[in-house]
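Student: I would like to learn how to read pockets, cores and salt bridges in a model.

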Amino acid sequence: MEAPPDNDVLWARSLHHRHPDGSPALAGVSLGVREGEILAVSGPRGSGKTTLLRCLSGLVPVRHGEVWFNSVPLHSMGPVGRERLRRDRFSWIDPAPLLLPELNVWENAALPLMLRGTSRRRAKTAALEWLERLDIGDKARRRPHQLHQAERQRASIARALAPAPTVLFADEPTAPLHRADRSHVLRTLMTAARSHGITVVLATHDAETAALADRTVSLLDGRRVNTVHLPPAPDTEGRAACSLSA
């Protein structure tokens with residue numbers, strides 16, 4: 001078995017995956033992600049972007065192929081090991097905000113830190129810092145239902161950044177945002193990742209978003225291709241969440 005390169009925090013080889021209905025999602029995808037790199041995974045809807053992120057993050061068990069994180073084989077880990085890795089080293093941003101309705105905004109943002117064992121006081125401080133940087137610090141004590149969709153997504157991004165993960169997986173993270181908000185939030189996300197040494201794997205079908213990354217990997221029908229021409233993202237709020245094959 002070939003060991004992954006030392007400077008790759010994530011490394012995948014010959015990933016194959018099928019949806020529950022038997023349709024192919026990934027067909028032999030291989031890639032490496034360097035430490036501290038912001039990698040965009042681009043392609044149209046249905047190209048396999050979300051499935052690739054889910055395999056790289058351990059959300060989906062890999063049955064055909066290999067995934068390594070810092071030279072540790074995710075593909076041979078059990079569900080408990082993968083869950084611990086996601087809790088302690090990874091963060092995830094969905095295309096639609098998923099916040100706990102019974103918690104207020106800062107409690108939602110602080111939750112990953114508290115699950116890691118950080119004190120409530122320190123977790124709150126970190127959460128409030130990121131909420132301020134994402135321009136929703138004044139909404140910190142509100143419940144998710146009191147926020148607009150775009151504000152809830154900003155809170156979700158703050159929640160992902162607060163624990164300073166080793167790797168942040170972002171699946172169309174600005175999908176619910178207006179174009180005017182999108183650039184600011186993306187640049188905040190990119191600047192935070194670079195200043196904190198966070199590796200980012202970003203799924204997008206928007207050419208402007210992909211252009212902000214250090215490097216782009218393109219998918220089409222579950223395979224890596226050299227180039228995919230992406231359309232500009234529509235200027236709408238509340239776009240539908242991507243499916244697992246997005």
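Tutor: We take the pocket, then the cores, then the salt bridges.
This is a predicted model, in which local features need pLDDT of at least 70, side-chain atom pairs count only at pLDDT 80 or more, and totals for chains, interfaces and linings use all residues. Residues are numbered from 1 along each chain as its sequence is written, and side-chain values use heavy atoms, with hydrogens and water left out.

Student: What volume does the largest pocket have?

Tutor: On a 1 Å grid over the protein atoms alone, a pocket is an open set of points where a 1.4 Å probe fits, with protein on both sides within 12 Å along at least five of seven lines. Grid points are joined across faces, edges and corners, and the volume is the space filled by probe spheres set on the points. Here the largest pocket comes to about 600 Å³.

Student: Which residues of its lining lie nearest the centre?

Tutor: Lining residues have an atom within 4 Å of a point. The largest pocket has 22 of them, and Arg86, Phe90, Ser91, Trp92 and Pro112 lie nearest its centre. Two or more lining residues come from each of helix 2 (79-88), strand 6 (90-93), helix 3 (105-115) and helix 5 (149-161); helices (H or I, at least four residues) and strands (E, at least two) are DSSP runs numbered from the N terminus. Strand 6 gives the largest share, 4 residues. By class, the lining holds 13 nonpolar, 3 polar and 6 charged residues, where Ala, Val, Leu, Ile, Met, Phe, Trp, Tyr, Cys and Pro count as nonpolar, Asp, Glu, Lys and Arg as charged, and the others, Gly among them, as polar.

Student: Is Ser57 buried or exposed?

Tutor: Buried means under 20% relative accessible area, exposed over 50%, and partly exposed in between (1.4 Å probe, protein chains only). Ser57, in the loop between helix 1 (49-56) and strand 4 (64-69), is buried at 2% relative accessibility. Leaving out residues up to four places away in sequence, Ser57 touches Leu74, Arg86, Phe90, Trp92 and Phe169; contact means heavy atoms within 4.5 Å.

Student: Which residues touch the most other members of the largest nonpolar core?

Tutor: In soluble globular proteins, nonpolar side chains tend to be buried together. A nonpolar core is a set of buried Ala, Val, Leu, Ile, Met, Phe, Trp, Tyr and Cys residues joined through side-chain atoms within 4.5 Å. The largest one has 38 residues, and Ile93, Leu131, Ile157, Leu161, Leu168 and Val200 touch the most other members. Helix 5 supplies the largest share of this core, 6 residues. A second, separate core of 28 residues includes Val9, Val41, Leu53 and Val60.

Student: How many salt bridges does a search of the whole structure find?

Tutor: Side chains of opposite charge can pair when their charged atoms come close. The criterion is a side-chain nitrogen of Lys or Arg within 4 Å of a carboxyl oxygen of Asp or Glu. The search finds 11 salt bridges. In one of them, Glu37 pairs with Arg215, the closest N and O atoms being 2.6 Å apart. Glu37 lies in the loop between strand 2 (24-34) and strand 3 and Arg215 in strand 9 (residues 215-220), so the pair ties together parts that are 178 residues apart in sequence. Glu37 is buried at 4%, whereas Arg215 is partly exposed at 24%. Arg34, Glu37 and Arg215 are linked in a network of salt bridges.
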